[in-house]
Each structure stands twice: as structure tokens, then as C-alpha cells.
Amino acid sequence: MESSSLSAFDLARIQFAFTVSFHIVFPALSIGLSSFIAVLEWRWLKTGKAYYKDLCLFWSKIFAIAFGMGVVSGVVMAYEFGTNWASFSKFAGPITGALLTYEVMTAFFLEAGFLGIMLFGWNRVGPRAHFAATATVAVGTLMSAFWILASNSWMQTPQGFAIEDGRAVPVDWFQIVFNPSFPYRLVHMTLAAFLVAALLVAATGAWHLLKGRRDPAIKKTFSLAMWMLLAIAPLQAFVGDQHGLNTLRYQPAKIAAIEGLWDTETNGTALNVFGLPDMQSETTRYALSIPHLGSLLLTHTWDGEIRGLKSFPREDRPNSTVVFWSFRVMVGLGILMIALAVIAWVLDRRGRLYDTAWFHRFALLMGPSGFITLLAGWVTTEVGRQPWVVYGVMRTSQAVSPLTAQQVGISLMAFVVVYFLVFGTGIYYMLKLMNAGPNITPDDDQASEPHRDGRRSLVATA
């Protein structure tokens, strides 16, 4: 029996999925950590507590590694658009190329311009100037997310363009940037980045609490992460719900695939909590369904109608087998995040937040969940957009470069080897730093000057 080999198109998709999966986690961590570091430095300026500066210095090291790996992996992806997806670049370049240029000229310049002051300027500039640099880097990471998501959201819900000579040319930049899915995806992704950072910080704090450390730096690390989680996780659930309503309007096939829904149900749609969607037989096997719950969650009405996958041509259907489970991984871990935050609040109220070992183990286990949820959400969004690279305008099969399977296969193998060596080393070093934890200065329990130049002395407050 002859085995079917992968085409250049298949290999190009695998390569892009591999490289973007590595890339997406590092900018997300950079976005969350930069804002966290800015808050820590603000608290140091406000209170004079030395452990806030200790935490700034500690998390700045991890931020620097994440930022560097994000830049490197991003450059690789930029080249990949030209090598593997030249047809897409030719078609959509006048729009996506311009948006990525805006990202470089605004966000990246801010980040690169002030990163050196943030990392190495502690004893070279005044405390206010240093905090301004840290805040500017944080703003830069958020601006980077703005432009990247504007480009990606335009591919999801394209508008404000015309097709001339086989190319998408801009007609209205406001419509291009603020396309229908952009506001929801920007907020959703930004909150996801904060959750990634909060869970990593919480896991680091939990690890050291389990090892017996109870110094102010570790306790503050853990408590701040939990407060962030309590604020962000429920808000993310609300934003995700609103994003779902937007997706139902503009990408109904994606919603049908996510729900494993094949037939359009009248007078109320059931929700498949569990099941195994089968693309060939057009059914969801072993479905565990709850009547009307699909309508309640997806339309906020008792009898809302949702189109089934059978109402779309076969060639226009996303892979329900993949997105059905990637979505449920994302939602399931999101529920656990909310549970973690609520339990932390209860323990804090009872004065047991730092002395409950089982909860610290729970927080430690949840550390990677932010990254897993982020990747599951990306799979849901991008696989659910298929077979379109620009939704309803250009198919992914039309976007690939005229390459042979051998050419793409060789580059894919090279990427796998280099990525695991380079990024594996970076991740190992980050874990080593987190295992060591922040250094403790002698005056961690007392007020300290915000800078060695003695320009300002602050009195500690609670």
C-alpha cells in the first residue's frame, strides 16, 4: 500500500504553524511582563520598599530574554512570508506590509530605544527618568500588539480595500485598521498576554513558597499575580463571549466548526459539550449535548438559530475536528484560571494565602496554562479561518509560493533543529533564573531610597 506524501503546500503550512507557535508565546510574555515591571517600579517609587526594586531587576532579566527571542522569531517569520507565501505577499502586501511597517516605526522603535535605559540605566539616570523608560517600553509592546493584530484581524474580516491588477490596494485606512473583528481581538489578545505573565509569575512565587521562602519579595510576587489573575480572568471570559458574537456574525462557518454543529437547528440550538467531529461522515460522534445552551451562549437568546456546517460548501468548511477541541482546551483552562483566582481571594481573606501547600502546587501546575491557552486560542482562530488566508477573498492554497516539497521540507527540518537548540537554551535559562528567584537586599523590610544617587528618599507605606 502506497503512503501519501506531503505536498509543498502542506509542508509550508506545517512550517508556518511551527514557527508562529514558537513566536507567539514570547511577545505575549513580553507584553505582560513589561506592564508588570512598570507596576513594580511605580510601587517602588511610591513606597520605597526595596523588594519592589529587587523584583524589577529579577523580572527584567526574564523580560529581556523573552523580548530577544520574540524579535529573532519574528524576523524569521517576516522572511517566511517572502519564501513560502510569496503569492500572499504579492496580493496583500500593500496592506499587511504597510501595517507591519507602522509597527516597526512606532512600537519597535519605542521598545528598542528605551530598552537599554530600562535594563542598564538604574544608576545612570534619575528614578523618574528610569520609570518613564520602563513605562515607554511597556507602551511600545502594547503598540506592537495593536499593529500586528490590526494586520491579522484584517485577514479575518477584510474591509476598506479594492482589488486592482490582482492586488489588494487600500481605499480607507481607518476601515482597514478598525475592521469588525479588530477591537475584540485586540482586547482578547492583550488580556491573554497579561494572563500568561500573571500565571508565570504566580507559578514562580508558588515554587519558592513550596521551598520555604517567606521573604517579602516572594510573598509580593505571589499576591500581585493572584490579584492580577482575579481581575483579568473573569474579564477575559466576558470579552471572549463578545468576541464569539462577533465571530458568529462575520465567520459563521468557524462557529459551526467550533461547536461541531452540522445541521441548522430551528427553535433553539443545542451545545455539544463533548464529541468527536468527523469531517468525512459529517457528524459529531458520541455527542453529549445540552438543548438550547448553544443558542443561549452564542446568540444570548433561547431559540437563536446557528447555521450548521452542512449549509456551507465542503471546500469552505474549517476542520471541525481540530477547532472543536482547541476551543474546549482554551475554555477549560480559562475556567481553572478563574477558580485559581477565586480560591486565592478566599485564602487571602482567611490569612492563609502563603501557608497552603496544596494551593501552591495548584498554582505551580497552572503556570504553563497561560501559554497552552494562548496556543489553543491561536489554533482556534487560525484553523477556524481556513480555507481562507484572507477570509472570503483569497484561499490559503492560492497564497503559497511555487516551491517543491523537497525545498520546503529541508527548510522545515532546519527550523526544527535550530529552534529547539536556540529557543530551548533560552527557555532553559529563563527557568534557571526563575528557580533561583529574586535576590534579597538587606533592607527588604524597610524603606529604601529609590536610587543610589540619593535624589529622593521615600517613606515606606503599607
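Ala-17, Val-20, Ser-21, Ile-24, Val-25, Ala-28 and Leu-29 in helix 1 meet Phe-371, Leu-374, Leu-375 and Trp-378 in helix 12, where contact means heavy atoms within 4.5 Å. By class, this contact of helix 1 with helix 12 comprises 10 nonpolar, one polar and no charged residues; Ala, Val, Leu, Ile, Met, Phe, Trp, Tyr, Cys and Pro count as nonpolar, Asp, Glu, Lys and Arg as charged, and the others, Gly among them, as polar. The model is predicted, and local features need pLDDT of at least 70, side-chain atom pairs count only at pLDDT 80 or more, and totals for chains, interfaces and linings use all residues. Residues are numbered from 1 along each chain as its sequence is written, and side-chain values use heavy atoms, with hydrogens and water left out. Helices (H or I, at least four residues) and strands (E, at least two) are DSSP runs, numbered from the N terminus.

Two packed helices are described by the angle between their axes and the distance between the axes. Helix 1 (residues 8–47) packs on helix 12 (residues 369–385) at an angle of about 130°, and their axes are 10 Å apart. Axes are lines fitted to C-alpha atoms, for helices over the stretch in contact, and angles run from 0 to 180 degrees between N-to-C directions. Helix 1 and helix 12 are therefore oblique to each other; angles under 35 degrees count as roughly parallel, over 145 as roughly antiparallel, 65 to 115 as roughly perpendicular and the rest as oblique. The crossing of helix 1 past helix 12 is right-handed. A crossing is left-handed if the near helix is turned anticlockwise from the far one by less than a right angle, and right-handed if clockwise.

Helix 12 also packs with helix 6 (residues 182–210), the two axes coming within 8 Å and crossing at roughly 155°. Helix 6 and helix 12 are therefore roughly antiparallel to each other. From helix 6, Arg-185, Met-189, Ala-192, Val-196, Leu-199 and Leu-200 meet Ser-369, Gly-370, Phe-371, Leu-374, Thr-381 and Glu-382 of helix 12. The residues of this contact divide into seven nonpolar, three polar and two charged.

Helix 8 (residues 252–259) is mostly covered, with eight of its eight residues buried; buried means under 20% relative accessible area, exposed over 50%, and partly exposed in between (1.4 Å probe, protein chains only). The buried residues of helix 8 include Lys-254 and Glu-259. Their packing partners are helix 4 (127–156), helix 7 (216–250), strand 3, helix 9 (293–298), helix 10 (320–349) and helix 12. Gly-260, with a positive phi near 60°, follows helix 8.

Two further buried positions were examined. Thr-19 lies in helix 1 and is buried, with a relative accessible area of 0%. Not counting residues up to four places away in sequence, Thr-19 touches Met-77, Glu-80, Phe-415 and Tyr-419. Asn-84 is placed in the loop between helix 2 (50–83) and helix 3 (86–120) and counts as buried at 3% relative accessibility. Apart from neighbours within four places in sequence, Asn-84 is in contact with Ala-12, Gln-15, Ala-399, Val-400, Ser-401, Leu-403 and Val-408.

Strand pairing was assigned where DSSP finds at least two bridges between two strands. Strand 1 (residues 161–164) and strand 2 (residues 167–170) pair in the antiparallel sense over four bridges, and Glu-164 stands opposite Arg-167 in strand 2. These strands form a hairpin with two residues between them, and Asp-165 in the turn has a positive phi of about 55°. Strand 3 (residues 271–278) and strand 4 (residues 283–290) are likewise paired in the antiparallel sense, over six bridges, and Thr-284 in strand 4 is the bridge partner of Pro-277. The hairpin of strand 3 and strand 4 has four residues between the strands, among them Glu-282 in the turn, with a positive phi of about 55°.

Most residues other than glycine have a negative phi, and most peptide bonds are trans. Tyr-286, although not a glycine, has a positive phi of about 55°. Tyr-286 is placed in strand 4 and counts as exposed at 62% relative accessibility. His-292, also not a glycine, has a positive phi of about 70°. His-292 is found in the loop between strand 4 and helix 9 and counts as buried at 19% relative accessibility.
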